[in-house]
Amino acid sequence: GLRFVAEAFIDRAYEPDGTLVSRKEPGAVHEDMNVATTQAVRLAQTGQVTARNGDEVTVRSDSLCIHGDTPGAADKARAVRDVLESHGIEIRAHSPG
């Protein structure tokens, strides 16, 4: 009876096949706030990200995730919320069902 919620990551780099770049690779985590906020808006509006090779990739997302274990995660979350709201994107809890 559980519903699947697809999660996309605003602070992670993607491969051309839609998988995440391994954290063992340089650039796997977006340190730049502008890159993360831009990726968040694109995911929310179009469901797409730019893969590390430059390809445009469609990523299914019902929820946007920010990793809390990276430095500055709380500041990044606030910035992403502000940017999403400035683009008219509603922030809300994901409802069951």
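**View 1. Lining of the largest pocket by class.** The lining of the largest pocket has 11 nonpolar, 3 polar and 4 charged residues. Ala, Val, Leu, Ile, Met, Phe, Trp, Tyr, Cys and Pro count as nonpolar, Asp, Glu, Lys and Arg as charged, and the others, Gly among them, as polar. The model is predicted: local features need pLDDT of at least 70 and side-chain atom pairs pLDDT 80 or more, while totals for chains, interfaces and linings use all residues. Residues are numbered from 1 along each chain as its sequence is written, and side-chain values use heavy atoms, without hydrogens and water.

**View 2. Elements around the largest pocket.** Helix α1, strand β4 (63-65) and helix α2 each supply at least two lining residues. The largest share, 4 residues, comes from α2. Helices (H or I, at least four residues) and strands (E, at least two) are DSSP runs, numbered from the N terminus.

**View 3. Contact of α1 with α2.** M33, A36, T37, A40, V41 and A44 in α1 meet D75, K76, A79, V80, V83 and L84 in α2, where contact means heavy atoms within 4.5 Å. The residues of this contact divide into 9 nonpolar, 1 polar and 2 charged.
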